[in-house]
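Subject: Structure handover

Hello,

Here is the structure for you to look over. My notes follow below it.

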Amino acid sequence: MTDQPTADTITPEELVDLRRELAGLHITMGLRTCLTRGCLKQYDHFATLTGGQPARPEWSGEGWRQVTRGPATGSICPEHLDAVTAHLPRTVDLSNGRWMVACACEWMSRPQTYGGLLRPLWEEHLLLATGQLEAPVSLAEKLGRLPLEEHTEDSLRELYEAVEDMAPADPRRRIQGSSQGEPKSRHGMILER
């Protein structure tokens, strides 16, 4: 048996102490942050659920929404509600054991073997779509190269000739198919003796 008081044996002073102890254990606020990357707005979740007043006026839950499915669950502040709703993500489970993110705007990520990458991929897409992040520059744009689909037969011929011109001038090296017993460089060239 326990020596703790029961409802029949508790004194009014012990009941007051118990209520005071329980009040100290009561969680008075639970702040939730907007799921949009870089947004630091918060609201008091417990005050909103219980109908109480938040400790600060800026922690009001008015206009906040919840995302409960997909790779990006959490709370959405009123400022980002329209953008997130327009790009609401869902997880796509592929037959080969991989996952993808499908966005409401018809954007889809590449298949991933690790599901933990889905939220950051969607967050990057959301930032690109809302203009908060600049699109990365492709290698072709960065180096002033012509994209492969825009090459012509003549431009490809020029590239191949340039590669051939860069062949080693050392007459002891020649590019050939492999032969048994001949020493090779690490690039597969057969070294003549």
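How many salt bridges does the structure hold? There are 6 of them. A salt bridge here is a side-chain nitrogen of Lys or Arg within 4 Å of a carboxyl oxygen of Asp or Glu.

First, the ground rules. This is a predicted model, in which local features need pLDDT of at least 70 and side-chain atom pairs count only at pLDDT 80 or more, while totals for chains, interfaces and linings use all residues. Residues are numbered from 1 along each chain as its sequence is written, and side-chain values use heavy atoms, with hydrogens and water left out.

**Overall layout**

The chain has 6 helices and 8 strands. Both are DSSP runs numbered from the N terminus: helices are H or I with at least four residues, strands are E with at least two. From the N terminus on, the order is α-β-β-α-β-β-α-β-β-α-α-α-β-β.

Of the 193 residues in the chain, 21% are buried. Buried means under 20% relative accessible area, exposed means over 50%, and partly exposed is in between (1.4 Å probe, protein chains only). The accessible surface of the chain is about 14,900 Å². Carbon and sulfur atoms account for 53% of that surface. The areas come from the Shrake-Rupley method with a 1.4 Å probe; for residues, only the protein chains shown count as cover.

Now contacts, meaning heavy atoms within 4.5 Å. Take those in the chain between residues at least 6 apart in sequence: 24% of them join residues at least 24 apart.

**Salt bridges**

Side chains of opposite charge can pair when their charged atoms come close.

Glutamate 79 pairs with lysine 41, with the closest N and O atoms 2.2 Å apart. Glutamate 79 sits in the loop between strand E4 (74–76) and helix H3 (81–86), and lysine 41 in the loop between strand E1 (31–33) and strand E2 (42–44), so this bridge ties together parts that are 38 residues apart in sequence. Glutamate 79 is exposed, at 55% relative accessibility. Lysine 41 is partly exposed, at 38%.

Arginine 56 bridges to glutamate 58, and here the closest N and O atoms are 4.0 Å apart. Arginine 56 is partly exposed at 43%. Glutamate 58 is exposed at 53%.

Arginine 119 bridges to glutamate 123 at 3.0 Å between the closest N and O atoms. Both lie in helix H4 (residues 118–129), 4 residues apart, or about one turn of the helix. Arginine 119 is partly exposed, with 25% relative accessibility. Glutamate 123 is buried, at 8%. Shared partners join Arg37, Arg119 and Glu123 into one network of salt bridges.

Strand E5 (residues 89–93) and E6 run antiparallel, joined by 5 bridges. Two strands count as paired if DSSP finds at least two bridges between them. Aspartate 93 stands opposite tryptophan 99 in E6. The two strands form a hairpin with 5 residues between them. In the turn, glycine 97 has a positive phi of about 85 degrees. Strand E6 (residues 99–103) is mostly covered, with 4 of its 5 residues buried.

**Nonpolar cores**

A nonpolar core is a set of buried Ala, Val, Leu, Ile, Met, Phe, Trp, Tyr and Cys residues joined through side-chain atoms within 4.5 Å. The largest has 11 residues, including Leu35, Val67, Ile76, Val101, Trp122 and Leu126. H3, E6 and H4 each supply at least two residues of this core. H4 gives the most, with 3. Leaving aside neighbours within four places in sequence, leucine 126 is in contact with Thr36, Ala83, Val84 and His87.

**Aromatic pair**

Which rings pair up? The structure holds 1 aromatic pair, formed by tyrosine 43 and tryptophan 64. The pair is tilted, with 4.6 Å centre to centre and 35 degrees between the planes. Rings of Phe, Tyr and Trp (its six-membered ring) pair if their centres lie within 6.5 Å; planes under 30 degrees apart are stacked, over 60 edge-to-face, and the rest tilted.

Tyrosine 43 lies in strand E2 and tryptophan 64 in the loop between helix H2 (45–50) and strand E3 (65–67), so the pair ties together parts that are 21 residues apart in sequence. Tyrosine 43 is buried at 3% relative accessibility. Tryptophan 64 is buried at 10%.

Best wishes
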